[in-house]
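Subject: Structure for your review

Dear colleague,

Please find the structure below, followed by a summary of what was found in it. I would be grateful if you could read the two side by side.

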Amino acid sequence: MRELVLVDFDDTLVETAPSFHEAREALFQRLEAEGFSRKAVRRVHHQEVEPELLALFGMGPFRMEPSFLDTYLRLCRDQGRTPDHGVAEECATLGRDFMGHPRVMPGSLEALDRLAAVTPTILYSQASHPLYQLARMRDAGVTRIIPPDRIRITPLKTAAAFLATLDHFGVRNPGDSTMIGNSLRSDINPALTAGARAILVEPYEMWHYDNVPPVSLDFLRFSTFPEAVDHLLADGGEAETARR
Ligand SMILES: [Mg+2]
């Protein structure tokens, strides 16, 4: 069995993107009810506000409240309207209260348990607030399978961060490791660039931000994490994944 398997958290083991999507949809509908067109709302939110706030706050839920509030305020400014305090507060609230309890994907924890029982496995996640992210992992039940000292949370999943993680866990040859995750940008490309193996899981349509061209086509794809684990644990899976 390989030396180390690195498993992503958000949208690999738990549903995260759908919560973000639902919160945005609620914001867009609220702003449409205020008389702003869907086209104007999408343009201001997607093209102006989100890029700026991602740069300021990084990944994670904490940008959503300022992002939602700012989208409303900029729309008002663009159209010469005076912002309404109540509407502004409603928008901010939609961005503040949407995360809730992590929604574990069916079979994902059982699959993680099966994997960790037979091969060195760590959780490798990207978040700008590591303590908050660790609390979400604990809420999801992940830390009962992978203890916190086997969890690595980095602000940005670059190839350098990937290599530093391998180094931290004593892996000398990146080719002995396998990254499993849902993002071409954050999981597949950094792993391939570092010389590791990679398995993409696509439980639902990838967020446009994550869906960048792969640096090579030398990775496997499965619909879900449990299917990826089935493959890794099956006889012959090793040989097929090693096809490089
Ligand atoms: Mg992810």
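A residue is called buried if 20 or more other C-beta atoms lie within 10 Å of its own, exposed if 12 or fewer do, and partly exposed in between, with the C-beta atoms placed from the backbone. With 16 C-beta neighbours inside 10 Å, V215 therefore counts as partly exposed.

The model is a predicted one: local features need pLDDT of at least 70, side-chain atom pairs count only at pLDDT 80 or more, and totals for chains, interfaces and linings use all residues. Residues are numbered from 1 along each chain as its sequence is written.

Some further conventions apply. Helices (H or I, at least four residues) and strands (E, at least two) are DSSP runs, numbered from the N terminus. Two strands pair if DSSP finds at least two bridges between them. Two residues are in contact if their C-beta atoms, placed from the backbone, lie within 7 Å. Axes are lines fitted to C-alpha atoms, for helices over the stretch in contact, and angles run from 0 to 180 degrees between N-to-C directions.

An open sheet is formed by 6 strands in the order 5-4-1-6-7-8, with parallel pairing. Strand 5 (151-154) and strand 8 (220-222) stand at the edges with a single partner strand each, so one side of each has no neighbour in the sheet. On average, neighbouring strands of this sheet are turned by 20° against each other, direction ignored.

Strand 1 (residues 4-7) pairs with strand 6 (residues 177-181) in the parallel sense over 4 bridges. Here L4 has S177 as its bridge partner, and V5 stands opposite T178. Strand 1 also pairs with strand 4 in the parallel sense, over 3 bridges, and V7 stands opposite L123 of strand 4. Both faces of strand 1 are covered: L4 and L6 on one side, and V5 and V7 on the other, are all buried.

Nonpolar cores

A nonpolar core is a set of buried Ala, Val, Leu, Ile, Met, Phe, Trp, Tyr and Cys residues joined through C-beta atoms within 7 Å. The largest has 36 residues, and those with the most contacts inside it are L123, I180, A191, A198 and F225. At least two residues of this core come from each of strand 1, helix 5 (108-118), strand 4, helix 7 (159-168), strand 6, helix 8 (184-194), strand 7 (197-201) and helix 9 (225-233). Helix 8 gives the largest share of this core, 5 residues. Another core lies apart from it and has 15 residues, among them F36, L53, M64 and L75.

Leaving aside neighbours within four places in sequence, I180 is in contact with V5, V7, D8, T12, I199, V201, F225 and A228.

Helix packing

Angles under 35 degrees count as roughly parallel, over 145 as roughly antiparallel, 65 to 115 as roughly perpendicular and the rest as oblique. A crossing is left-handed if the near helix is turned anticlockwise from the far one by less than a right angle, and right-handed if clockwise.

Helix 3 (residues 64-78) and helix 4 (residues 85-96) pack at about 150°, with their axes 7 Å apart. This angle makes helix 3 roughly antiparallel to helix 4. The crossing of helix 3 past helix 4 is right-handed.

Helix 5 and helix 9 pack at an angle of about 25°, and their axes are 9 Å apart. Helix 5 is therefore roughly parallel to helix 9. The contact involves S108, A111, R114, L115 and V118 of helix 5 and F225, P226, V229, L232 and L233 of helix 9. Helix 5 passes helix 9 in a left-handed crossing.

Helix 6 (residues 130-140) lies across strand 4 (121-126) and strand 5, and runs at about 140° to strand 5.

Individual residues

Q133 lies in helix 6 and is buried, with 20 other C-beta atoms within 10 Å. Not counting residues up to four places away in sequence, Q133 touches S125, A127 and I153.

D11 lies in the loop between strand 1 and strand 2 (14-15). Phi of D11 is near 65°, a positive value in a residue other than glycine. D11 is buried, with 24 other C-beta atoms within 10 Å.

V215 lies in the loop between strand 7 and strand 8. Not counting residues up to four places away in sequence, V215 touches N189, L192 and T193.

With kind regards
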